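Here is a short briefing for a first look. Please keep the sequence and the model at hand while reading.

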Amino acid sequence: MRRTVKELLVEAKDASELMVDLAYAAVFFDDEDLAREVVKLEDRMDQAVHEMRVLTILAARSPDDAESMARVLGMANAMEEIADAAEDIARVVLRNLGVPGELRDDLRHAEEITARIRLREGNQLASRRLDGLALPAETGMWVIAIRRDVDYIYGPSGDEVLQENDVLFLQGPREGVDLVREIAGAEAYGLEPPVESPRLTNLDRAVDILVQLKNSAEVGVGLAYSAILFADLGLAQEVSRVEDRCDDLYAELQRWTMHAAREIEPDDLSELRGLLQIGQSSERIADAAQEMTRVIEGDEGPHPVIAQALKEADEIVGDAIVGEGSEAEGRSLKDLTLETVTGMYVVAIERGEQWRYRPRGNRVLAAGDRLVCTGPEEGVARLREVVGDPRPFEPS
């Protein structure tokens, strides 16, 4: 049965976001299985985008229709670009280009990583519902997708029952990976803690910049989807700022990588190729995120099918800055229960020049943090009151 444009857009969005997470995880773990998952997903993306192009051509019956459907195609093309860039990151692993050990050490400092785990013989998870397993409470890991045979279940609900040989994709703290692997019947990775370098080298600087570039690119994609969902030009401008920062970071990465090339052995130069490939692909992801936001520019706005595909909601996007000495300073999102108290859901947090998209409940807020949230219009004023932001909110 032929799928609708809306269904294809939903699949393309979910697949492209998962591909980015898995591609970086493949580098972190030097895991070819993870990298191959990215390639499988990219094949599905190609098929979905091809079907969308066919359907949009068939749907255009007038110049106005063609103009409107061109925005759908623009969205699809940007998603495809994100998928292609993620595949290029994964192929750094598959082609054995290598990356510096310092990069994996830096990634181990990340508060949240992505892992792939197959349910093996003797596992404790099969035939049980996700909400009955309490994985977030027991391990800190969240199941973000499941592959069952050749099909993917994105954002599975709590009533999803796991089956033998399911492949789980999870996000959470590094130490949670082995906890889930143990109950899934797999061997523990036994990851060693990062080794502290006695001095900061040019390669260390390049690696630090690449990690910032990776994080910024991921945030750009998340903010772009939120901007489109809520037709929020202010949020689209934030995506443009993130993209500008990614451009600057990539230029810095190139500079420090060239400095590093003078310090390492010739046999290790291939690792720098991998570093630059990941950097270039990350910058492409940020470019594609900015390109996606073009669909909400102009008087026409996005085609209705785009908003329907992402989510229909009577919500707005608002922001609030955590004030010094407020009740929010030094407390976690979980403790504050902002969704209950204000009705607002935290989409992202900006701290300095760093963004954290989809923050978990254990994220502790600091004075000066900027929260980007979605929810009912009346919730913004209450949110600002809770976090100590004195700015008045003027409803539209």
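Where is Asn-165 found? Asn-165 sits in the loop between E3 and strand E4 (167-172). The model is predicted. The chain has 396 residues, and its secondary structure comes to 14 helices and eight strands.

**The chain as a whole**

- Buried residues make up 51% of the chain.
- The chain exposes about 18,700 Å².
- Take the contacts between residues at least 6 apart in sequence: 78% of them join residues at least 24 apart.

**Nonpolar cores**

- In soluble globular proteins, nonpolar side chains tend to be buried together.
- The largest nonpolar core here has 106 residues. Leu-103, Leu-275, Ile-278 and Met-292 have the most contacts inside it.
- Helix H1 gives the largest share of this core, with 16 residues.
- A second, separate core has 16 residues. Among them are Ile-349, Leu-371, Val-380 and Val-387.
- Leu-103 is in contact with Val-27, Val-207, Leu-210, Val-211, Leu-275 and Ile-278, leaving aside its neighbours within four places in sequence.

**The largest pocket**

- The largest pocket has a volume of about 1,400 Å³.
- It is lined by 44 residues. The closest to its centre are Trp-142, Tyr-345, Arg-358, Pro-359 and Arg-360.
- By class, the lining has 21 nonpolar, nine polar and 14 charged residues.
- Helix H1 (residues 5-29) supplies the largest share of the lining, five residues.

- Most residues other than glycine have a negative phi.
- Asn-165 is not a glycine, yet it has a positive phi of about 70°.
- Asp-149 is not a glycine either, and its phi is positive at about 60°.
- Asp-149 lies in the loop between strand E2 (142-148) and strand E3 (151-154).
- Is Asp-149 buried or exposed? Asp-149 has a relative accessible area of 67%, so it counts as exposed.
- Glu-160 is placed in the loop between E3 and E4.
- Glu-160 counts as buried because its relative accessibility is 19%, and the cut-off for buried is under 20%.
- Not counting residues up to four places away in sequence, Glu-160 touches Arg-128, Arg-129, Leu-130, Ile-146, Arg-148 and Ile-153.

**Met-344**

- Met-344 is in the loop between helix H13 (338-342) and strand E6 (345-351).
- Met-344 has a relative accessible area of 1%, so it is buried.
- Which residues is Met-344 in contact with, leaving aside its neighbours within four places in sequence? The list is Gly-318, Leu-338, Glu-339, Cys-373, Thr-374, Gly-375, Pro-376, Gly-379, Val-380 and Leu-383.
- Met-344 and Glu-377 are 33 residues apart along the chain. Their C-alpha atoms are separated by 9.1 Å.

**Asp-369**

- Asp-369 is found in the loop between strand E7 (354-357) and strand E8 (370-375).
- Asp-369 is buried, with a relative accessible area of 1%.
- Leaving aside its neighbours within four places in sequence, Asp-369 is in contact with Ala-320, Ile-321, Val-322, Ile-349, Glu-350, Arg-351 and Val-364.
- Asp-369 and Trp-355 are 14 residues apart along the chain, and 9.8 Å separates their C-alpha atoms.

- Glu-87 belongs to helix H3 (residues 63-94).
- Its relative accessible area is 11%, so Glu-87 is buried.
- Glu-87 is in contact with Met-19, Val-38, Val-39 and Glu-42, leaving aside its neighbours within four places in sequence.
- Lys-334 is found in helix H12 (residues 333-336).
- Lys-334 is exposed, with a relative accessible area of 64%.
- Lys-334 and Val-364 are 30 residues apart in sequence, and 8.8 Å apart in space from C-alpha to C-alpha.

Terms used:
Residues are numbered from 1 along each chain as its sequence is written. This is a predicted model: local features need pLDDT of at least 70, side-chain atom pairs count only at pLDDT 80 or more; totals for chains, interfaces and linings use all residues. Side-chain values use heavy atoms; hydrogens and water are left out. On a 1 Å grid over the protein atoms alone, a cavity is a set of points where a 1.4 Å probe fits but cannot get out, and a pocket is an open set with protein on both sides within 12 Å along at least five of seven lines; lining residues have an atom within 4 Å of a point. Grid points are joined across faces, edges and corners, and a volume is the space filled by probe spheres set on the points. Helices (H or I, at least four residues) and strands (E, at least two) are DSSP runs, numbered from the N terminus. Ala, Val, Leu, Ile, Met, Phe, Trp, Tyr, Cys and Pro count as nonpolar, Asp, Glu, Lys and Arg as charged, and the others, Gly among them, as polar. A nonpolar core is a set of buried Ala, Val, Leu, Ile, Met, Phe, Trp, Tyr and Cys residues joined through side-chain atoms within 4.5 Å. Buried means under 20% relative accessible area, exposed over 50%, partly exposed in between (1.4 Å probe, protein chains only). Contact means heavy atoms within 4.5 Å. Accessible areas come from the Shrake-Rupley method with a 1.4 Å probe; for residues, only the protein chains shown count as cover.
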